[in-house]
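I opened my notebook to record what I looked up in this structure, one topic at a time.

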Amino acid sequence: MASAKNTTAKGSTDTYASVWDALADNKEQAANLRARSELMQQITEVVRDSGWTQVEAATRCGITQPRINDLLRGRVSRFSIDALVNIATALGRTVRFELHAA
C-alpha cells in the first residue's frame, strides 16, 4: 500500500507506511483496521463475482441490505473482525489469519 503523508501546520511532513497507520492512534489499531479492510475486500469480491443483488447478498450473508451496502462501500468502522468472520462463514468461506514478524 502506498505511504500516506500528513503536512503539519509548520510545513513538515509525516510519512506513514499505510493509510491505516495514518488514521490509527497506535500500531494495534492500525493492524485491526488493515485486517478488517482485507476481509471486507475479499468478501466484496465474492459478492460481486456471484452477481447477486444487494438483497440477495444480504440474505446469503445473514445481514440486512443496508449492512451489505456498508460492506460493499468499504465502511470499515462499521464492522468488527467477528462480524466479518461470521459473514464470510455464511458465504461458505473459511477465514485464516497468519502472523508475520513486523
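How far apart are the end C-alpha atoms of α2, and what should its 24 residues span at 1.5 Å a residue? I found the end C-alpha atoms 35 Å apart, which agrees with the 34 Å that α2 should span, where the expected span is 1.5 Å times one less than the number of residues.

Before going on, I noted that this is a predicted model, in which local features need pLDDT of at least 70 and side-chain atom pairs count only at pLDDT 80 or more, while totals for chains, interfaces and linings use all residues. I also noted that residues are numbered from 1 along each chain as its sequence is written, and that side-chain values use heavy atoms, with hydrogens and water left out.

**Overall layout.** I read the pattern β-β-α-α-α-α-α along the protein chain, which has five helices and two strands; helices (H or I, at least four residues) and strands (E, at least two) are DSSP runs, numbered from the N terminus. Of the 102 residues, 28% are buried, and buried means under 20% relative accessible area, with a 1.4 Å probe and protein chains only.

**Helix α2.** I listed the buried residues of α2, and among them are Leu33, Arg36, Leu39, Met40, Ile43 and Val47. Just after α2, I saw that Gly51 takes a positive phi of about 75°.

In soluble globular proteins, nonpolar side chains tend to be buried together.

I then followed Ile87, which touches Ile43, Cys61, Ile63, Leu71 and Phe79, not counting residues up to four places away in sequence; a contact means heavy atoms within 4.5 Å.

Leaving out residues up to four places away in sequence, Asp70 touches Met40, Arg75, Arg78 and Phe79. Over the face of Phe79 I found Arg67, at 4.0 Å from the ring centre, where a charge counts as over a ring if NZ of Lys or CZ of Arg is within 6 Å of the ring centre and within 35 degrees of the ring normal.

Methods. Buried < 20%, exposed > 50% of the residue type's maximum accessible area, 1.4 Å probe, protein only.
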